[in-house]
Amino acid sequence: MKKNFFFKRLKLFLRSKQSIYILCFLILFPLSSYAAESVNNDALIVYYSRTGKSKVVCDTIMRNYCVDTLEIKDLKDRSGAWGFMGAAFDNAFGRYTDIEPKHPGLTKYSLIILVSPIWNWKLSAPIRTFLKDNSLKNKKLVVFTTANIDIKKYDKFKDDAPFIKRFLRDYLRKSSKGMRLLAVDSGAEIISHYHVETKNITEKQIRDQTLEHFADLEIYTDLKRCNP
Ligand SMILES: Cc1cc2nc3c(=O)[nH]c(=O)nc-3n(C[C@H](O)[C@H](O)[C@H](O)COP(=O)(O)O)c2cc1C
C-alpha cells in the first residue's frame, strides 16, 4: 500500500514542470563547475603560422591550458618561394598586410598569448597588423616567437665578444625593442616573451621547448593546467 502511494507520488512528480527544472539543475550544475575548473576562460591565444611551426607551439599551449585560440589568416598568398620573398620584402620595409579576422572580439579576454614566427628579426607581418589594428588596452600580453635560431642566445654575448657577435646582439636588442614598442602601442601590459628555435628541429622538440616555459608562464599569469 505504502509502495503504491510512493510510486504514484513519483509519477506525479516526474510529470510536473518542477521535476524538469530540478533534473536540469542536477545535470548542468556539475558540468558547469567542471568547466570552470578546467578552462581558462579569460585567456586567448592569437597565432599566425606560415609553415606550421608556430601552430605546434599554439597547440601545445592550448592542450595544456584549454584556452581559446584564434588563428590570424594572411590574405596575401605566402606559399612557396614567391610567398617567402613577399613576406621578407613586407617585413624588411615594415609593411602591413590584410588579415582575417581584422577586428576579432577580444572584450572577454584579459590575457592574450601571441604566437608568431620571426620574419627579418621582427614579428611576422600578420601579427604586426593584428597589433596595429586592435586595442589590447588593459590586457596582459605574453609573446611566444619561433625562428630558425635561438634569438635569446645572442643577448648573452658580453662586450668583449668578437665584433660580429656584438653586432648581432645589438641588432637583435634593437629589434626586440621594436617588437616591445609595437605591443606597448596596442595598450597591452607585456608580461613575458618566450622563444622557440625551429630549424632542423622535430615537432616533439618544438613541443618540449614550449613546455620548458610553462613553469615560468604560470608564475606570471593566472593560467591553470587543464591536463596536469
Ligand atoms: C620571410 C621570412 C623571414 C624570416 N626571417 C628569419 C629571421 O630573421 N631569423 C630567423 O631565425 N628565422 C627567420 N625565418 C624563419 C622562421 O622564423 C621560422 O622558420 C619559423 O619558425 C616559421 O614559423 P611558421 O612555420 O609558424 O611560419 C624567416 C622566415 C620567413 C618566411
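Leaving aside neighbours within four places in sequence, which residues is H195 in contact with? H195 is in contact with T145, D150, I151 and K152, where contact means that the C-beta atoms, placed from the backbone, lie within 7 Å.

The structure is a predicted model, in which local features need pLDDT of at least 70, side-chain atom pairs count only at pLDDT 80 or more, and totals for chains, interfaces and linings use all residues. Residues are numbered from 1 along each chain as its sequence is written. The average pLDDT (the predictor's confidence in each residue, from 0 to 100) is 88 for the protein, and 86% of the residues score at least 70. Over residues 29–38 pLDDT stays under 50, and the model has two contacts beyond four places in sequence for this stretch.

H195 is found in strand β8. Helices (H or I, at least four residues) and strands (E, at least two) are DSSP runs, numbered from the N terminus. H195 counts as buried because it has 20 C-beta neighbours inside 10 Å; the cut-offs are 20 or more other C-beta atoms within 10 Å for buried, 12 or fewer for exposed, and partly exposed in between. S116 lies 79 residues from H195 along the chain, with 9.8 Å between their C-alpha atoms.

The ligand is surrounded by 20 residues, of which R50, T51, K53, S54 and P117 are the closest.

By type, the shell divides into nine nonpolar, eight polar and three charged residues. Here Ala, Val, Leu, Ile, Met, Phe, Trp, Tyr, Cys and Pro count as nonpolar, Asp, Glu, Lys and Arg as charged, and the others, Gly among them, as polar.

Not counting residues up to four places away in sequence, I112 touches L44, V46, L136, K139, L141 and A188.

Helix α8 (residues 203–212) has I206, Q209 and T210 as its buried residues. Seen down the axis of α8, these fall within an arc of 100 degrees, so they line one face of the helix; the arc is taken from the directions from the helix axis to the C-beta atoms. The buried residues of α8 pack against α3 and β8, whereas the face turned away carries the exposed residues K204 and E212.

Notes. A residue is near a molecule or strand if its C-beta atom, placed from the backbone, lies within 6 Å of it.
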